[in-house]
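Reader: I am new to this structure and would like to learn how to read its features one at a time. Could you take me through them, giving the general idea before each case?

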Amino acid sequence: MSRIVWKLLFLCLTLFAVNALAGDPEISIGTSRVAFDRIDMLVQPLDVVSGGTEAQEAAWLIESVIRVDLDYSGFFRALSAEDISDTTRIQYAIEGLLEGRLAGTGVTPQERAPLLTLKLVAYPGRQLLLSKRYRPTWDRLRATAHHFVNELHLFLNNEPGISLTQVVFARGDGERRDIYCLDYDGENLLRLTANRTFNLFPSWSPDKDDVAFMSYREGQQGIYMLHTRTGKVGLVNETVGSNLAPAWHPGGEELLVSLSKVGQHEIYRLKLDGTVIRRLTVSPAIEISPSWSPTGRDVVFTSDRTGTPQLYIMDADGSGRRRLSFEGRYNDAADWSPNGEQIIYACRENNITQIVLIEARGENRRFLTDSSWRNCEDPSWAPDGRHIVFASDRTGVFKLYVMDVRDGTSRQLTFGDESDKTPDWSP
Amino acid sequence: MNRTLMMVSIMLAALFLVVGCGGSDQAPVVDDPTPVDTTPIDPEPVAEEVDTVADEPEPIDYASMAPQEYGIEDVFFAFDEYTLSDEAMATLSAAAGIMRQHGDITYVVEGHCDERGTVEYNLALGEKRAIAVRDFLVSLGIPSSQLRITSYGEERAFASGSNESAWALNRRGHFARP
C-alpha cells in the first residue's frame with residue numbers, strides 16, 4: 001500500500017515539478033488560434049552537448065516521445081529531414097539541445113539532472129516561436145517531452161493537447177478486478193487498488209485529484225473515493241442495494257450515481273459525503289449510466305422503461321426528459337463530448353456491441369466500430385473531443401483501444417491476458 | 001460413518017489373513033530354532049476403539065457448506081430476462097423446503113449475467129434476477145431477513161467461452177454463503 005502511495009505522490013509531485021522548472025517561453029510571434037489539420041512538423045534530432053551515452057539515449061527517448069505525441073494528437077505529422085524532398089513545404093520544426101551533466105559520487109539527482117532546451121521554429125528562416133528550458137531528472141524524460149508537446153498545443157492551437165492525460169480503468173482476472181492508471185500513450189502503468197475483490201467504473205474528478213469508483217470492498221457494492229495524492233480511499237455511499245458507476249459533475253462538487261435502495265435503480269445526485277441532493281428519476285424500470293453534459297445543465301442516462309435499454313436526456317433537476325436513441329434495441333454507457341455537441345455510447349445489435357457516435361440533438365448516428373472489432377464497450381472521451389478510449393475483445397480478451405473519431409485511426413492501449421474494462425480518460 | 005465401518009472390516013479381514021497364513025506357513029519348518037511367538041494376536045481393542053468413534057454422531061455444519069451441497073440449487077434465466085421460468089420456480093420451491101429446516105442460516109442470492117451487453121446494465125439486470133429469486137422465496141414463506149441479494153453482473157462467470165452453452169450457465173441466480 002505504502003508503495004502505491006509513494007508512486008502516486010511521485011506522479012503528482014513530478015508533474016508539478018516539471019511545470020515549475022519550465023523556463024519562461026520566448027515567444028516572438030503572437031498567434032492566436034490557427035486553423036489547421038495535420039500540420040507537417042519536422043522533428044530534428046536533439047544536439048547532445050555533453051553527457052556521453054546516457055545523454056545520447058535520453059535525447060533519442062525525448063525525440064521519440066515527441067514524435068509519438070505529435071502523430072497521436074491528430075493535429076500534426078512528425079517528419080524527419082529525410083522524409084522531406086521539398087524543403088519549401090516545411091512550416092514548423094522542433095529543435096532541441098541536451099546538455100548531460102553527469103558527475104561523480106555525492107552529486108544529488110537534481111545536480112545530475114540534464115539541461116534540456118526544446119524549441120519550436122517556423123520556416124522559412126527558422127524563426128523562433130517557442131522555447132522551453134527544462135531540468136528533468138533522468139527518470140522524468142518522458143513527462144518532460146509530453147509537457148513540451150502540450151505547450152506546443154497551447155501555443156499553436158490555444159488549447160491543451162492530451163499528452164499530459166491519463167486513463168483509469170478496471171483490470172480483472174475473473175476473481176477480482178482492480179483500478180489501474182496509465183499515461184495516455186500506455187506507459188507508466190500503476191495499480192491503485194489491491195483489495196482482492198471487484199472494483200469497477202473509475203471516474204476522474206475534474207481537478208484530477210480524486211478517482212471515484214464502485215467497489216465490493218466491504219462485501220457489497222459501494223461508491224468510494226481514491227485521493228490520488230495520498231492513495232487514501234474513503235467511502236462515499238453504501239446504501240442497501242446496488243451502487244453503480246459514479247459520474248462527476250463538471251464543477252467537481254457532486255456525483256451522479258444509480259442506486260437501487262428504493263427497490264429499483266434510480267438516478268441520484270449525491271454530495272461527495274453521500275448526502276442525496278436530489279433523486280432525478282421515478283420509474284419501476286432500470287435507470288442507470290448517467291453522464292453530465294459539460295455545462296452541467298443536462299444529464300444523459302439509460303432507461304429500459306420501454307422494455308429495452310435506451311438513452312434519454314433530462315434536465316439536471318430530473319425534468320424535461322426526452323428520448324435520444326431510437327435505433328438499436330440495446331443502448332447504454334453514454335458519454336457526453338467535452339464540447340457538448342456529441343455523445344458516444346455502446347449499442348448491441350445481433351449479439352455484438354459496438355461504439356456509436358450521435359449528435360446530442362439526436363441526429364447523424366454513426367457506428368465508429370464494425371464487427372471486425374467484435375464487442376466494444378464503455379467509451380470515454382479524451383478532453384480534446386477528438387479521441388475516445390473503449391474496451392474491445394477483438395483479441396479474445398477485453399483490452400483498451402484509443403480511436404481518433406475524426407479519421408478513424410486507432411491504437412491498442414493495454415496488453416496482456418487480463419480483462420480491461422470501464423476506462424475513463426482524465427481531464 | 002459407512003466409510004469407517006468399511007475400513008474396520010477391511011482391517012479385520014487383513015488381520016485374519018495374516019494370522020491364518022502365518023500359522024500354516026510356520027508349521028512345516030522344523031529346523032527353525034527360533035521359538036514361535038505364541039502370544040495370541042488380539043484384534044478386539046482396535047475394533048473397540050474404532051467402534052466408539054463410529055458411534056458418535058458427527059454434527060453437520062450446514063452454515064459452512066455451500067448451499068448446493070445440501071440441495072439448494074441455482075436457477076437459470078433466459079437471455080435478457082429476469083422473470084422466473086416454471087423450472088426455476090420448481091427449483092426454488094424445493095430450495096424453500098430446505099431453507100425452512102435451516103432457519104438460522106442466511107443466504108446471499110447473487111444475480112449473474114452472460115457476457116453480452118454492457119457492464120452496468122448487466123449489473124442492474126443481475127440485481128433484478130436476484131430480486132426475482134428473493135421475492136419468490138419470500139412468497140413461499142421464507143423470511144426476507146434470511147435472504148440478502150447482490151449482483152455481480154458479468155463478473156465472476158461460472159463458465160468461460162463465448163457460446164450459448166457458456167452463456168446459459170452464466171445467466172443465473174446463485175445461492176452463496178454470506
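Author: Let us begin with a definition: a polar contact is a pair of N or O atoms within 3.5 Å, where, within protein, one must be able to donate a hydrogen and the other to accept it. The model here is a predicted one, and in it a polar contact of 2.8 Å joins the side chains of B:Arg116 and B:Asp114.

Reader: Where does B:Arg116 lie in chain B, and which residues does B:Arg116 touch beyond those up to four places away in sequence?

Author: B:Arg116 is found in the loop between β2 (107–112) and α4 of chain B. Not counting residues up to four places away in sequence, B:Arg116 touches A:Arg348 and A:Asn351 of the other chain, together with B:Phe79, B:Asn122, B:Glu164, B:Trp167 and B:Arg171.

Reader: Is B:Arg116 buried or exposed, and why?

Author: The cut-off for buried is under 20% relative accessible area. B:Arg116 has 7% relative accessibility and therefore counts as buried.

Reader: How should I read a salt bridge around this loop?

Author: The general idea is that side chains of opposite charge can pair when their charged atoms come close. In this model the side chains of B:Arg171 and B:Asp114 meet in a salt bridge, at 2.9 Å from N to O. B:Arg171 lies in the loop between α5 and β4 of chain B, while B:Asp114 lies in the loop between β2 and α4 of chain B, so the pair ties together parts that are 57 residues apart in sequence. Both B:Arg171 and B:Asp114 are buried, and salt bridges that share partners join B:Asp114, B:Arg116, B:Glu164 and B:Arg171 into one network.

Reader: How do I read the contact between the two chains, and how many residues does each give?

Author: One can begin with the residues that take part, then turn to the area and the pairs. The contact takes 24 residues from chain B and 37 residues from chain A. Chain B and chain A bury about 2,400 Å² between them, with 52% of it on carbon and sulfur atoms. Of the area that chain B buries against chain A, B:Glu120, B:Tyr121 and B:Glu155 supply 28%, more than any other three residues.

Reader: Which pairs link the two chains, and which element of chain B gives the most to that side?

Author: Between chain B and chain A there are 3 salt bridges and 14 residue pairs in polar contact. α4(B) gives the most to the side of chain B that touches chain A, with 10 residues, and by class that side has 8 nonpolar, 6 polar and 10 charged residues. The side chains of B:Glu155 and A:Arg177 meet in a salt bridge of 2.5 Å, N to O. As for B:Glu154, which lies in the loop between β3 and α5 (164–170) of chain B, a polar contact of 2.4 Å joins the side chains of B:Glu154 and A:Lys421, and another, of 2.5 Å, joins those of B:Glu154 and B:Asn122. At 12% relative accessibility, B:Glu154 counts as buried.

Reader: What should I look for in a nonpolar core?

Author: In soluble globular proteins, nonpolar side chains tend to be buried together. The largest nonpolar core here has 36 residues, and those with the most contacts inside it are A:Leu192, A:Leu200, A:Phe201, A:Met214, A:Leu255 and B:Leu123. Apart from that core lies another, of 32 residues, among them A:Leu46, A:Tyr92, A:Trp138 and A:Phe155.

Terms used
Residues numbered from 1 in each chain as written. Chains lettered and ligands numbered in written order. Predicted model: local features only at pLDDT ≥ 70, side-chain atom pairs only at ≥ 80, totals over all residues. Heavy atoms only, no water. Contact = heavy atoms within 4.5 Å. Buried area = accessible area lost by both parts, 1.4 Å probe. Salt bridge = Lys/Arg side-chain N within 4 Å of Asp/Glu carboxyl O. Helix = DSSP H or I, 4+ residues; strand = E, 2+ residues; numbered from the N terminus. Nonpolar A, V, L, I, M, F, W, Y, C, P; charged D, E, K, R; others polar. Core = buried A, V, L, I, M, F, W, Y, C linked by side-chain atoms within 4.5 Å. Buried < 20%, exposed > 50% of the residue type's maximum accessible area, 1.4 Å probe, protein only.
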